[in-house]
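Welcome! Let's learn to read a structure together, one feature at a time.

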Amino acid sequence: MSTAHTPATTPGADEAPLLISTEGAVRVLTLNRPQALNAFTTGLLGQIRVALDDAASDANVRAVLITGAGRAFCAGQDLSDPHIKPEFDEHSGEVDTTRKPKAKDIGNLLDHYYIPLALRLRSMPVPTICAVNGVAAGAGANFALGCDLVLAGQSASFIQAFSKIGLVPDCGGTWLLTRLVGRARALQLALLGDKLPAEQAQQWGLIARCVADADLMSEAMATAQKLSKMPTRALVQTRQALDASMDLEFEDALKLEARLQSQLGYAHDYLEGAASFLSKRAPVFKDR
């Protein structure tokens with residue numbers, strides 16, 4: 001049953017930092033802090049993780065689509081969040097070095113929120129698609145890049161903003177960037193912190209596709225719906241094999257392929273796919 005972007009929440013959902021809806025077998029998560037460019041707070045990070053857990057445990061969900069409300073996808077961590085905001089002198093606006101910071105260990109923030117979220121996203125038992133509808137900066141950019149397929153509107157951009165505030169890329173950025181665009185371009189993005197337009201991001205191989213802004217959600221939903229009708233387990237194991245191959249010797253990659261094919265060869269979806277091909281009918285895949 002399609003709910004067409006209707007939030008699966010109680011009244012007052014327009015104020016909820018995360019909107020959840022379902023279209024067919026696609027679970028849609030919409031970051032909903034448009035007044036703050038959908039910047040992450042600990043509350044929003046926790047809600048995203050719970051929503052991903054719920055999608056992972058729901059046998060009816062066969063793909064997850066993530067996007068943002070308003071004119072941005074996500075501006076990264078909200079620096080006004082009490083978990084990360086430094087102590088400032090109220091009059092000068094400068095950092096007050098006379099007071100000992102309280103609960104501002106950013107590594108602690110990563111340990112409790114970003115690492116579990118990034119690992120949950122990477123281990124989803126269904127394909128994940130991100131529709132980047134505007135700026136994706138800092139952790140917001142790397143959260144998007146952690147999805148299986150990334151589509152971006154033509155006016156969208158990606159910014160590794162960490163160096164501008166004295167930090168390093170996080171939310172998986174150091175792992176993702178070098179693998180997506182190579183060391184030289186990864187360093188260019190991370191050190192300079194310059195804006196990378198969506199069209200150039202596609203040319204570099206950072207994202208799958210750049211589309212017209214007006215077509216972004218329809219294209220992303222069509223992609224998600226297509227994936228939701230495909231053999232889910234095989235798609236997920238394809239992701240796992242490609243990720244693993246980056247650290248494997250060629251022979252070890254071949255052996256991994258053989259192990260995965262042995263597992264999938266006994267599954268319903270292979271038997272269904274082969275039978276439907278031979279009988280020239282549309283397949284109905286069920287595995288997850």
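The dialogue below looks at salt bridges and at a pair of helices.

Q: What should I know before I start?
A: This is a predicted model, where local features need pLDDT of at least 70 and side-chain atom pairs count only at pLDDT 80 or more, while totals for chains, interfaces and linings use all residues. Residues are numbered from 1 along each chain as its sequence is written, and side-chain values use heavy atoms, leaving out hydrogens and water.

Q: How many salt bridges does the structure hold?
A: Side chains of opposite charge can pair when their charged atoms come close. Here there are 9 salt bridges (a side-chain nitrogen of Lys or Arg within 4 Å of a carboxyl oxygen of Asp or Glu). One of them joins Arg 239 to Asp 148, with the closest N and O atoms 2.8 Å apart. Arg 239 sits in helix α8 (residues 232–245) and Asp 148 in the loop between α3 (139–145) and β7 (149–153), so the pair ties together parts 91 residues apart in sequence. Helices (H or I, at least four residues) and strands (E, at least two) are DSSP runs, numbered from the N terminus.

Q: Is Arg 239 buried or exposed?
A: Arg 239 is buried, because its relative accessible area is 9% (buried is under 20%, exposed over 50%, partly exposed in between, with a 1.4 Å probe and protein chains only). Asp 148, at 30%, counts as partly exposed.

Q: At what angle do α4 and α5 pack?
A: Two packed helices are described by the angle between their axes and the distance between the axes. For α4 and α5 (residues 183–192), the angle is about 130 degrees and the axes are 7 Å apart. That makes α4 oblique to α5 (under 35 degrees is roughly parallel, over 145 roughly antiparallel, 65 to 115 roughly perpendicular, the rest oblique). Axes are lines fitted to C-alpha atoms, for helices over the stretch in contact, with angles from 0 to 180 degrees between N-to-C directions.
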